[in-house]
Amino acid sequence: MPNAWLSTHLRAIRPRVLAALNRFFGDIDLAEDAFQDASLKALRSWSPDRLPADPVAWLIVAGRNAGIDAIRKRRRETLTAPDALEPPFDGPWPEDVLSESLDRSVYRDDILRLLFTCCHPVLRREQQITLALKVVAGLSVEEIARAFLVQPKTMEQRITRAKKKLSAARLAYEEPDAPARAERLSAVANAVYLVFNEGYSASQGPDLIRETLCEEAIRLARLLVRLFPEEPELRGLLALCLIQHSRRLARLSSEGAAITLEHQDRTLWDRTLIAEGNILLEAALRRARPGPLQIEAAIAATHTQAECYGDTDWAEIDRLYRALEHIRPTPVVALNRAVVLARLKGSVYALERLDTLAAPLDRYAGYHAVRASLLLDLGRAAQAKEAYDRALALAGTEVERRHIRERMTSIATT
């Protein structure tokens, strides 16, 4: 695919560039448009053997100039007064000058500033997280819609309304003070975890794992822990990301096929990340304020304590999922618990629980794949194939589709 390498590169550095442009212009829509213009310019100018010394600074300069041009054009078209919406510097600003003046740590932390802006209390909780995923993580509307199990058109309307609400509030795009940060902390933590989750198990595209998103989420989680060392849920967030990320090398075969937890080579798990995650989790739990991210981290940690899949402490994992259901009673949590209960009480019992989730999870490929597996365990091959067909139609990545096709093949050979 032409320019695939560049698309991957631009996607990886997008958060830093967009965050810097948003701080400069104080307008999310303008920053996004400016980044798109800069990306098009990069598409024409860059090649694998012809990259700028500092691609992030290059894109900030190009985006900044594109944004200034857009402001001037808007002013000419609307006959706005000369002093309206004037950027603080009227360039052009040569790339080498900006490259020398930018402190990498500063414009990297712009991402966190932008996250807190997206999670402003003027927005509803759902709007905060969806806007953070769109603006900061750069997820497509389709990817976010899949994460929230809604239609893309519905999600696009939600994002548009959120942006308009922020714009109407005329907020200052500055890093919030300590009380304001604390007020938005839960939404920010959830947004960071959803960014990690999209990297851990991509909802669309050719790859199952997008390591750049995982690593950026881990970096932001570390920064949050440093900013708020007394918040146990943030330690839980970082622990969860680290423990999940520790399995990345075992989750794909050399041919790129997905390997389920049951069949993973546990010697490939990164024990350094697991150890760090467990230390963070223990420190968080000692605060005696368990939250959903701490509980999810505890579930992930329990899996790492088993030498093989057969040694998994399913009773402990069910206890943790029961607690998670109490704190965060979502259909996906109920689905995950049903998978655990299949191990403890059998496929018939688990399938009965799944039937109650049919309506909210009808557009979720994972639901139909789990249901197909349980039906297959019970010898109901025809119904299992129907469920796999539905899962295949909803799967967002080629890796996921390949895994489902392999499972469907096993039906034909039995």
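**Notebook: salt bridges and a helix pair**

I began with E398, which forms a salt bridge with R405; their closest N and O atoms lie 3.1 Å apart. I count a salt bridge when a side-chain nitrogen of Lys or Arg is within 4 Å of a carboxyl oxygen of Asp or Glu. The model is predicted, so I note that local features need pLDDT of at least 70 and side-chain atom pairs pLDDT 80 or more, while totals for chains, interfaces and linings use all residues. Residues are numbered from 1 along each chain as its sequence is written, and side-chain values use heavy atoms, with hydrogens and water left out.

E398 is partly exposed because its relative accessible area is 35%. R405 is also partly exposed, at 38%. My cut-offs: buried is under 20% relative accessible area, exposed is over 50%, and partly exposed is in between (1.4 Å probe, protein chains only).

I then checked the total. The structure holds 23 salt bridges.

I turned to K134, which forms a salt bridge with E32, the closest N and O atoms being 3.2 Å apart. This pair links distant parts of the chain: K134 sits in helix 6 (residues 125–135) and E32 in helix 2 (residues 28–45), 102 residues apart. Helices here are DSSP runs (H or I, at least four residues), numbered from the N terminus. Both K134 and E32 are buried.

I took R248 next. Its partner in a salt bridge is E211, with the closest N and O atoms 3.9 Å apart. R248 lies in the loop between helix 11 (232–245) and helix 12 (271–285), E211 lies in helix 10 (residues 211–227), and the two are 37 residues apart. E211 counts as partly exposed because its relative accessibility is 35%.

Last, I looked at two helices. The axes of helix 13 (residues 292–304) and helix 14 (residues 314–327) come within 10 Å and cross at roughly 165°. I therefore call helix 13 roughly antiparallel to helix 14, a label for angles over 145 degrees. The axes are lines fitted to C-alpha atoms over the stretch in contact, and angles run from 0 to 180 degrees between N-to-C directions.

I listed the contacts, meaning heavy atoms within 4.5 Å. In helix 13, the contact residues include P292, I295 and E296; those in helix 14 include W314, E316 and I317. The contact residues divide into eleven nonpolar, two polar and two charged. Ala, Val, Leu, Ile, Met, Phe, Trp, Tyr, Cys and Pro count as nonpolar, Asp, Glu, Lys and Arg as charged, and the others, Gly among them, as polar.

Technical notes: Parallel < 35°, antiparallel > 145°, perpendicular 65-115°, else oblique.
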